[in-house]
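User: I am new to this structure and would like to learn how to read its features one at a time. Could you take me through them with care?

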Amino acid sequence: MGQTIAEKILSRVVGRRVKVGEIIFPAPDLVTVHDWYIRECARALADFGVEKIRDPQKLLVCTDHEPVATSERASERQKTVRDIVGQFGIKLFFDVGRGGHGHMFPMEMGIVRPGMFVLGYDTHVTNYGAVGCLGIALVTEITEVLACGSAWIRVPPTVRVNVSGRLKRGVSMRDVAQRMISDISPEVADYAVLEFGGEGSSGLSFGERVTLCNTPVEIGAKSAVVECDVKDLAAMGLPSRTDDVDMKGDGDGEYSKILGIDLGSHEPQVAVPPRPDLVVNVSEVAGTRIDHAFVGSCANCSIDDLRAAASILRGRRLHSRVRMFVTPGTQKIAAQAATEGLIATFVEAGAILTAPGCGPCAAGYVGNLGPGETSINTGTRNDPGRLGARNASIYLASPLTVAASAVKGAITDAREFLSQDLEP
């Protein structure tokens, strides 16, 4: 019998064929920890008397949650991170201005490649599935990996998702992804890897793949991965190596469930408070007044996402009541956005640019919400207090919907603006 992508990767790592449900101790090819949690890791290691990291050459640390220190305490936190990096001899350290979002730039740089197995602290390490890599989050147990080189996991089942069709004008992959996690039962997704393939997946852009892999964890999925080969890497503008392998699931693999997604059947979607899987058509919430908008986060920070938002904002101004934040995912994306004139479009519309990284999505440390305010954004979650005040309301949507809403001052179907742009 054939294997799923997750089974192939885990079998390689442990050196034998694995079976769904068995307990294994896979040694990762790479471990990722962001700026906030590496301090907690170091503290825990010290408490247990651990003076050396097992494989420091495998550890990637980046400053993405708080790239701009806005207080003395924030500066102290950043200094502590740099001290820890020096203490443990960590070479893969990407400080402020060196990379950007840790769930994005490692793929841009070719550090994360097809067939790799990555363990991370942060739940959205699943983004790496965009290039056929299996990323699994261990949260606080990542300290065990740093000390011992591995931690146990149960081999997850795989849900196959066959993608077909093409997106309609005014509809983005965020709309598809949000509808998907609303429609798939949590019982089906629980601890499973979602494997995306089929004829509709081969032409997906880098940003679209990232969005697909980012959202399933919100309904309990263990990870997500898109089929990927060397030709796909080239089409996405990502580096490849001669030893890169094509990552595809076998037709006779054992899948816990097989689902299908027709990209052409979707409409713009909005996730309403307080969960990202509470999703409705944009028409059901259109007209809801907003005060705040944000395009960015590890779900939608690609150049595709910035282009989409700029296509709405070009030649327009934000509503006088709305403040809008735009966060490029990486230094490379920010530079490309500047070259293409997207940054100028955002600035001329009245939006605020933040440093590459998480942006406001990192618990509202920048660009947060006041009491009673309402935001529509492309962040990952919309639970109370996510962006500051606990009595603020957060709606999640695509970059197109967010930009259109920021111009109108209320939740708006972006197709209204696109139709205007087509008029003579």
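**Reading the features**

Analyst: The largest cavity is lined by 13 residues, and among these Thr32, Val33, His34, His103 and Asp122 lie nearest its centre. Please keep in mind throughout that this is a predicted model.

User: What is the volume of the largest cavity, and how many cavities of 30 Å³ or more does the structure hold?

Analyst: The volume of the largest cavity is about 80 Å³, and the structure holds 5 cavities of 30 Å³ or more.

User: Let us turn to the aromatic rings. How is a pair of aromatic rings described?

Analyst: The general idea is that two values describe such a pair, namely the distance of the centres and the angle of the planes. In this structure the count comes to 2 aromatic pairs. One of them joins Tyr37 and Tyr121, whose ring centres are 4.0 Å apart and whose planes stand at 10°, so this pair is stacked, given that planes under 30 degrees apart count as stacked.

User: Where in the chain do Tyr37 and Tyr121 lie, and are they buried or exposed?

Analyst: The pair links distant parts of the chain, with Tyr37 in helix 2 (residues 35-47) and Tyr121 in the loop between strand 5 (117-120) and strand 6 (134-137), 84 residues apart. Both Tyr37 and Tyr121 are buried.

User: What is the geometry of the pair formed by Phe94 and Phe105?

Analyst: Phe94 and Phe105 form a tilted aromatic pair, with 4.7 Å from centre to centre and 55° between the planes. This pair also links distant parts of the chain, since Phe94 belongs to strand 4 (residues 92-94) and Phe105 to helix 4 (residues 105-108), 11 residues apart. Phe94 has a relative accessible area of 13% and is therefore buried, while Phe105 counts as buried at 0% relative accessibility.

User: Which residue lies over the face of Tyr191, and where is Tyr191 placed?

Analyst: Arg154 lies over the face of Tyr191, at 4.2 Å from the ring centre. Tyr191 itself is in the loop between helix 7 (186-189) and strand 9 (193-197), and it counts as buried because its relative accessibility is 17%, where buried means under 20%. The backbone of Tyr191 also deserves a look, for this residue has a positive phi of about 60° although it is not a glycine.

User: What is phi of Ser297 near, and where is Ser297 found?

Analyst: Phi of Ser297 is near 80°, which is again a positive value in a residue other than glycine. Ser297 is found in the loop between strand 14 (292-295) and helix 10 (303-313), and at 1% relative accessibility it counts as buried.

User: Which residues are joined by a cis peptide bond?

Analyst: The cis peptide bond joins Pro273 and Pro274, with omega at about 5°, and Pro274 is found in the loop between strand 12 (269-271) and strand 13 (279-281).

User: Lastly, which residues is Asn127 in contact with, leaving aside its neighbours within four places in sequence?

Analyst: With those neighbours left aside, Asn127 is in contact with His103, Met104, Met107, Val210, Cys213, Asn214 and Cys298. Asn127 lies in the loop between strand 5 and strand 6, and at 0% relative accessibility Asn127 counts as buried.

Methods: Residues are numbered from 1 along each chain as its sequence is written. This is a predicted model: local features need pLDDT of at least 70, side-chain atom pairs count only at pLDDT 80 or more; totals for chains, interfaces and linings use all residues. Side-chain values use heavy atoms; hydrogens and water are left out. Rings of Phe, Tyr and Trp (its six-membered ring) pair if their centres lie within 6.5 Å; planes under 30 degrees apart count as stacked, over 60 as edge-to-face and the rest as tilted. Helices (H or I, at least four residues) and strands (E, at least two) are DSSP runs, numbered from the N terminus. Buried means under 20% relative accessible area, exposed over 50%, partly exposed in between (1.4 Å probe, protein chains only). A charge sits over a ring if NZ of Lys or CZ of Arg is within 6 Å of the ring centre and within 35 degrees of the ring normal. On a 1 Å grid over the protein atoms alone, a cavity is a set of points where a 1.4 Å probe fits but cannot get out, and a pocket is an open set with protein on both sides within 12 Å along at least five of seven lines; lining residues have an atom within 4 Å of a point. Grid points are joined across faces, edges and corners, and a volume is the space filled by probe spheres set on the points. Contact means heavy atoms within 4.5 Å.
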